[in-house]
Amino acid sequence: MKKILMGYDFRREGFTALEDRFEVIYPENGNFSLAEIIEKISDADVLVPSFSYRTDKDIIEAGKNLKIIANFGVGYNNIDVDYATSKGITVTNTPQAVLEPTAELCFALMQATARRVGYYNYKLHNGARLDWSLYGELGMPLYGQTLGIYGMGRIGQAVARRAVASGMNIIYHNRNRLSEDIERIYNARYVDFDTLLTESDIISLNAPYTEETFHLMGETQFRKMKKTAILVNTARGQLVDDEALINALKTGEIYAAGLDVFPNEPKIPEGYLALDNVVLCPHAGTKTLTARTEMAKEVTKNIINFFEGGEINKVN
């Protein structure tokens, strides 16, 4: 019987179909440590990795029998995909399961920052002075505003669908322009990156982390944005230069930010904690039991179909 090594003590919902076909090994509590993974992976056919450490050359080399790394999530910068590929190991991810919940949280951050929900909530809970007058401490609208989407893939389009329903205008930037048929669905306009920066009232980052997108948003980019603009990042923390964003928020160079991701999670740059114009979430894009279960089902499908035939979400 083929062997699956689970790097994390996942809840079993969504994984039950594996147990009839494979030997499935879970840690008793939390994660296997890096040392434990290296020790146990030698005869494993499948690894479902933890996000606590990178599945790198050392782990892959120790997996003498490894055939597939089935990632629990859509982002796969936690895996050395190039090295896995060089060893003939397939890497899969779960793009479908994360689609709607991530877009949902992205739109929630847009609302929370624009309408100052986080700010008002904090002030009221803590008994701090809040200006209840007609024109005191005003928020920003969403209706009629321009949403600039960087990365108009599946999640970006799911965000656009919500924005269109709220009366927003869509511009976007991709490495490649979408078809006219897709653009018509959202009445979306393709623009270059500089135009996205200068015309957007809200910018949503929905692109993967790559060498090209590292610190995509930095001091130069924030200077080009409107002073009333908002940045929302539900993609990867590495897309944003945190020091530059903290400074832009402090000085009023941009209006606000909504962040679900950070470069060194779970650590959050301290500069954000002192600001009242940033809404912070703990990488919660798929943080519902429904979403986690659907992700498990997609991992399960990838593993079963890899061995038995059928469609898989292969990233290499």
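Let's start where arginine 116 lies over the face of tyrosine 119, at 4.2 Å from the ring centre. A charge sits over a ring here if NZ of Lys or CZ of Arg is within 6 Å of the ring centre and within 35 degrees of the ring normal. Arginine 12 does this too: its charged end sits over the ring of tyrosine 26, 3.5 Å from the centre.

A quick word on the ground rules. This is a predicted model, with local features needing pLDDT of at least 70 and side-chain atom pairs counting only at pLDDT 80 or more, while totals for chains, interfaces and linings use all residues. Residues are numbered from 1 along each chain as its sequence is written, and side-chain values use heavy atoms, leaving out hydrogens and water.

Back to tyrosine 119, which also turns up at the second largest pocket. Tyr119, Leu275, Asp276, Asn277 and Val278 lie nearest the centre of that pocket, among 19 lining residues. A pocket is, on a 1 Å grid over the protein atoms alone, an open set of points with protein on both sides within 12 Å along at least five of seven lines, and lining residues have an atom within 4 Å of a point. This one holds about 350 Å³ of space, a volume being the space filled by probe spheres set on the points, which are joined across faces, edges and corners.

Which helix gives the most to this lining? H6 does, with four residues. At least two residues each come from helix H5 (95–114), helix H6 (117–125), strand S11 (256–259), helix H12 (270–273) and strand S12 (278–280); these helices (H or I, at least four residues) and strands (E, at least two) are DSSP runs, numbered from the N terminus. By class, the lining has 13 nonpolar, three polar and three charged residues, where Ala, Val, Leu, Ile, Met, Phe, Trp, Tyr, Cys and Pro count as nonpolar, Asp, Glu, Lys and Arg as charged, and the others, Gly among them, as polar.

A cavity is a set of grid points where a 1.4 Å probe fits but cannot get out, and the count comes to one cavity of 30 Å³ or more. The largest cavity has a volume of about 30 Å³ and is lined by Met140, Pro141, Gln145, Asp201, Ile202, Thr228 and Ile230.

Now for the aromatics. The structure holds 11 aromatic pairs, meaning rings of Phe, Tyr and Trp (its six-membered ring) with centres within 6.5 Å; planes under 30 degrees apart count as stacked, over 60 as edge-to-face and the rest as tilted. Take phenylalanine 15 and phenylalanine 72: their ring centres are 6.3 Å apart and their planes are at 35°, so the pair is tilted. The two are 57 residues apart, and the pair links the loop between strand S1 (3–6) and helix H1 (16–19) to the loop between strand S4 (68–70) and helix H4 (81–86). Phenylalanine 15 is buried at 1% relative accessible area, and phenylalanine 72 counts as buried at 12%; buried means under 20%, exposed over 50%, and partly exposed in between (1.4 Å probe, protein chains only).

Finally, the record. UniProt (unreviewed entry) places "domain: D-isomer specific 2-hydroxyacid dehydrogenase NAD-binding" at residues 107–285; its annotations may be inferred rather than shown by experiment, with positions given in the numbering used here and feature names shortened. Over that span the chain is 35% helix and 15% strand, with end C-alpha atoms 11 Å apart.
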